[in-house]
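Please keep the sequence and the coordinates at hand while following the text.

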Amino acid sequence: MAIRLEVTPKITTNFKSRHILSLDQFTPVSLRKLFETTDRIIKLLKRKSPLEILKRSVITLLFFEPSTRTFGSFSSAIKRLGGQTIDLLDPEKTTSFVKGESLKDTMQVLGTYSDIIIIRHPEKGFVQKAAAVSPVPVISGGEGAGEHPTQALYDTFTLYQKFGKLSHLKGLVLGDALYSRSIHSFIKALSLFPKDVIYLFSPPGLEISYDFERKLHGKIKLVRITRENEIPEDCNFWYTNRIQKERFKSRSVYEKALKDFPVITPELLAKKGNRDMIILDPLPRVGNIDIRVDSDPRSLYLTKQLENGVYIRMALVSLILGKI
Ligand code: CP
């Protein structure tokens, strides 16, 4: 049966039947609720018996862009909870979109077959359009150079696990802050908390846009830097993301930006890092972290951060379906 869903109002502690499209919907209270639920899920996973929280639930994964982590971790999360998935990869070639079926009809059909639809798409605004005509909740799995909300949910959970707070943190964000949807959602998430400072170190032309910064209304202090020497030595975290090659219109602009791209190396860590910091990357890593950094205990991008992607997504779908 079709139900009406509001698209963007803020979430407090009630996630039931809500779309997840942007960090703009979140508050410190909603993040706390999600993190507490994630901790509960982590405890439940330690029991021997299989979880049946999503027994009889079916979730569609509608992915118009390639994905390893978002597709894989949502799929893993749903199956670990006893649910099932409908996997629609590359739908412009593999579904009746090819025959000209409208988005509205597609959402109606998939909403009849499943309880949530998770969408990744290259166009900013597409997931919101899909949500507006969907009879069931829609979760953004990342869209274009816009946002990747569920990525930020587990990135901030990983920070919270380490520091026990999301306020009064100092961090370095390296890389493609213009096109990285993960960086956008991460900064928005931290802007919900007081007294965080982020140093932004991007190649020329890939700095965060002033329009994006203006919309943060000064809720977080952003410091743009252009040289390694300007990196403060007392950061709580370094967060990097690859150059978003697929978003460039000009090959020469891409190549120039790539040449100037900051890379995390053991040498840079020795010069500007500290013992208590952590290193995060939503991945994939494409030259932006030297592989010698992987074995450093401060590197969480191939361990804790990845695991948390499954746990946070388990909690999120359970809350949206009102099962926990
Ligand atoms: N972090 C992330 O979104 O990775 P994928 O593109 O592999 O899903």
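With which residue does Glu-233 form a salt bridge? The partner is Lys-272, and the closest N and O atoms of the two side chains are 3.7 Å apart. This pair links distant parts of the chain: Glu-233 belongs to the loop between β7 and β8, Lys-272 belongs to helix α10 (residues 266-272), and 39 residues separate them. Lys-272 has a relative accessible area of 8% and is therefore buried, since the limit for that class is under 20%. The model is a predicted one, and the distances and areas quoted here are computed from it.

Before other pairs are considered, the overall form of the protein deserves attention. Its secondary structure comprises 11 helices and nine strands. For 324 residues, a compact globule would have a radius of gyration near 20 Å, and the value of 19 Å found for the protein agrees with this. Taken along the principal axes, the C-alpha atoms fill a box of roughly 60 × 45 × 35 Å. Of the 324 residues, 55% count as buried. Among contacts with a separation of 6 or more, 72% are between residues 24 or more positions apart. The accessible surface comes to about 14,900 Å², and carbon and sulfur atoms contribute 52% of it.

The charged residues form the next topic. Side chains of opposite charge can pair when their charged atoms come close. A search of the whole structure finds 23 salt bridges. One of the pairs is formed by Lys-170 and Asp-234, with the closest N and O atoms 3.0 Å apart. Here too distant parts of the chain are linked: Lys-170 lies in strand β5 (residues 170-175), whereas Asp-234 is in the loop between β7 (221-225) and β8, 64 residues away. Lys-170 is partly exposed because its relative accessibility is 23%. Asp-234, with a relative accessible area of 45%, is likewise partly exposed.

A further salt bridge joins Lys-259 and Asp-260, the closest N and O atoms being 3.9 Å apart. Lys-259 is exposed, with a relative accessible area of 66%, while Asp-260 is partly exposed at 29%. Beyond individual pairs, a network of salt bridges links Glu-65, Arg-181, Arg-242, Glu-246 and Arg-247.

Is Tyr-239 buried or exposed? Its relative accessibility is 0%, so Tyr-239 counts as buried. Leaving aside neighbours within four places in sequence, Tyr-239 is in contact with Gln-151, Asp-155, Leu-172, Val-173, Leu-174, Ser-182, Ile-183, Phe-186, Leu-280 and Pro-282. In the case of Asp-155, 84 residues of sequence separate it from Tyr-239, while the C-alpha atoms of the two are 9.3 Å apart in space.

Ser-202 gives another view of the chain. It is placed in the loop between β6 (197-201) and α8 (210-215). With a relative accessible area of 10%, Ser-202 is buried. Residues up to four places away in sequence not being counted, Ser-202 touches Gly-175, Ala-177, Glu-207 and Ile-225. Asp-176 is 26 residues from Ser-202 in sequence, and the C-alpha atoms of these two residues are 6.0 Å apart.

The backbone itself remains to be examined. Most residues other than glycine have a negative phi, and most peptide bonds are trans. Which two residues does a cis peptide bond join? They are Leu-283 and Pro-284, with omega about 0°. Pro-284 is located in the loop between β9 (278-280) and α11 (304-320), and Leu-283 is found in that loop as well. Leu-283 also has a positive phi of about 65°, although it is not a glycine. The relative accessible area of Leu-283 is 11%, which means that this residue is buried.

A positive phi, of about 75°, is also found at Arg-56, again not a glycine. Arg-56 is situated in the loop between α1 (28-45) and β1 (58-63). At 77% relative accessibility, Arg-56 counts as exposed, whereas Leu-283 is buried at 11%.

Definitions and conventions. Residues numbered from 1 in each chain as written. Predicted model: local features only at pLDDT ≥ 70, side-chain atom pairs only at ≥ 80, totals over all residues. Heavy atoms only, no water. Buried < 20%, exposed > 50% of the residue type's maximum accessible area, 1.4 Å probe, protein only. Contact = heavy atoms within 4.5 Å. Helix = DSSP H or I, 4+ residues; strand = E, 2+ residues; numbered from the N terminus. Rg over C-alpha atoms; globule rule 2.2 N^0.38 Å. Areas by Shrake-Rupley, 256 points an atom, 1.4 Å probe, with all protein chains shown as cover. Salt bridge = Lys/Arg side-chain N within 4 Å of Asp/Glu carboxyl O.
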